Amino acid sequence: QLVKSTGCFRRRQVNTSSVFKGVALAAAAAMTLAGCSAAPATPTVTPVDYKACMVSDSGGFKDASFNEEAYNGLKEAEATLGVQIATVESPNSATQTDYVSGVNSMIDAGCDLIINVGFNLAVATRDAAKAHTDVNFALIDSALSNDDYSPLSLDNVKPLQYDTAQAAFLAGYLAAATTKTGKVATYGGMLFPSVTIFMSGFKQGVAYYNEAKGKNVKVLGADGDDSSKWAATGDFNDQAKGKTLTEQFFAQGADIILPVAGPVGIGSGQATLDKTGTMVIGVDSDWFGLAAHAAYKANILTSIEKKMAKAVLAIIKDGVDGNFTGGDVNQYVGTLDNGGVQISAQHDVVYPDGIQAELDDLKAKIVAGEIKVASQYSK
């Protein structure tokens, strides 16, 4: 017996073996016509009647950063939960029209849950969720707002947000302890709140080190309190811009760079290969283990990780189990305390003596509330 399941056909067991054989053939044909992938010959997990979908921001799912980390969670859900998946990769020069089109195509595909990756998809998520209250949504790195920017909660939307300032604070402290020139630097792709929160936390970590140690390490690229005037390349795709800006910072004396710019940050990593003694700090994922960063992995001081794959897997599991909850704009905020953010473990770069113990102590104090890292999520 054939049963329609979120845009694909699946088989239901019947007792008569001859009928089953005929139905199996029909099911296979139906799946092909519907554009669905055939089940593997030896499935490792029992398929479930649930379709989880994802729309990327610009950069695509192989950006070695933000989109890829979220996509890893979707693929893990497919492998371990047995859900069907579908995706849309937004173009590098994506406009709001592209985002709306991508989200709408996932609605048309019969998705039960649509996970939209990034601040840029907030409006498309909001409008689609209002129009399709029977579909659940997750929005990574942003809450919803009305046109007047007042907060908005919708029962079928769960924001997944991250207090990356906390992890960036640790990276800033580490960078200040490691620099040989007394200068470090940071820049963004575009100066969205989800970008400047990294840069702000990094600055705070450097400032804390300076005060604790009586030093004067400078942070280039984030001068003053007005984040709209901080350094940025203007996009999240042009690696050449990232390399050029990084070379300018190196020329000014910086020897450690934090690019908060997705694939643009690859240009910063490449710049470290041309300047002995320089290092880069990764964002979103642990860059050390990603092929896109392999050429300069010996120059990666650390990475400021957002554990998006973990959160994506968890929200899909909630959906499969019938436990999806939306509505609270701050329902999930990844922190050092809940493991939603962290800095990567030490890899090839040798840390100054005693610094790992200091970082562990700082983390404990942030979790305990003894050190306050300012951000839009701090209380």
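1. A salt bridge here is a side-chain nitrogen of Lys or Arg within 4 Å of a carboxyl oxygen of Asp or Glu. In general, side chains of opposite charge can pair when their charged atoms come close.

2. A word on the ground rules. This is a predicted model, in which local features need pLDDT of at least 70 and side-chain atom pairs count only at pLDDT 80 or more, while totals for chains, interfaces and linings use all residues. Residues are numbered from 1 along each chain as its sequence is written, and side-chain values use heavy atoms, with hydrogens and water left out.

3. Now the overall picture. The chain has 10 helices and 16 strands; these are DSSP runs numbered from the N terminus, with helices (H or I) of at least four residues and strands (E) of at least two. Of its 379 residues, 52% count as buried. Buried means under 20% relative accessible area, exposed means over 50%, and partly exposed lies in between, with a 1.4 Å probe and protein chains only.

4. On contacts and surface: taking contacts between residues at least 6 apart in sequence, 68% join residues at least 24 apart, where contact means heavy atoms within 4.5 Å. The chain exposes about 16700 Å², and carbon and sulfur atoms supply 51% of that. Accessible areas come from the Shrake-Rupley method with a 1.4 Å probe, and for residues only the protein chains shown count as cover.

5. Back to charges. The structure holds 11 salt bridges. One of them joins the side chains of Lys306 and Asp141, at 2.4 Å from N to O. Lys306 lies in strand 14 (residues 300-306) and Asp141 in the loop between strand 6 (136-140) and strand 7 (144-145), so this pair ties together parts that are 165 residues apart in sequence. Lys306 and Asp141 are both buried.

6. Two further salt bridges are worth a look. Lys241 pairs with Asp235, with the closest N and O atoms 2.9 Å apart; Lys241 is partly exposed at 37% relative accessibility, whereas Asp235 is buried at 15%. Lys365 pairs with Asp361, and here the closest N and O atoms are 3.2 Å apart. Both Lys365 and Asp361 sit in helix 10 (residues 355-368), 4 residues apart, about one turn of the helix. An α-helix has 3.6 residues a turn, so residues three or four places apart point the same way. Lys365 is partly exposed at 28% relative accessibility, and Asp361 is partly exposed at 36%.

7. Do give helix 5 (residues 164-178) a moment on screen. Its 15 residues reach 21 Å from first C-alpha to last, close to the 21 Å expected at 1.5 Å a residue; the expected span is 1.5 Å times one less than the number of residues. Helix 5 is mostly covered, with 15 of its 15 residues buried.

8. What does Gly205 touch, leaving aside its neighbours within four places in sequence? Gly205 is in contact with Phe169, Gly172 and Tyr173. Gly205 lies in helix 6 (residues 193-213) and is buried, with a relative accessible area of 0%. Gly205 and Ala165 are 40 residues apart in sequence and 9.1 Å apart in space, C-alpha to C-alpha.

9. Next, the aromatic rings. Rings of Phe, Tyr and Trp (its six-membered ring) pair if their centres lie within 6.5 Å; planes under 30 degrees apart count as stacked, over 60 as edge-to-face and the rest as tilted. The count comes to 7 aromatic pairs by this rule. Tyr162 and Tyr332 make an edge-to-face pair, 5.9 Å centre to centre with 75 degrees between the planes. That pair links distant parts of the chain, with Tyr162 in strand 9 (residues 157-162) and Tyr332 in strand 15 (residues 332-334), 170 residues apart. Phe192 and Phe236 are stacked, at 6.1 Å centre to centre and 25 degrees between the planes, and both are buried. Ring pairs also link Phe169, Tyr173, Tyr208 and Tyr209 into a cluster.

10. Finally, two backbone angles to check. Most residues other than glycine have a negative phi. Ala64, though, has a positive phi near 55 degrees; Ala64 lies in the loop between strand 3 (51-55) and helix 2 (66-81) and is buried at 3% relative accessibility. Tyr149 also has a positive phi, about 75 degrees. Tyr149 lies in the loop between strand 7 and strand 8 (151-152) and counts as exposed at 72% relative accessibility.
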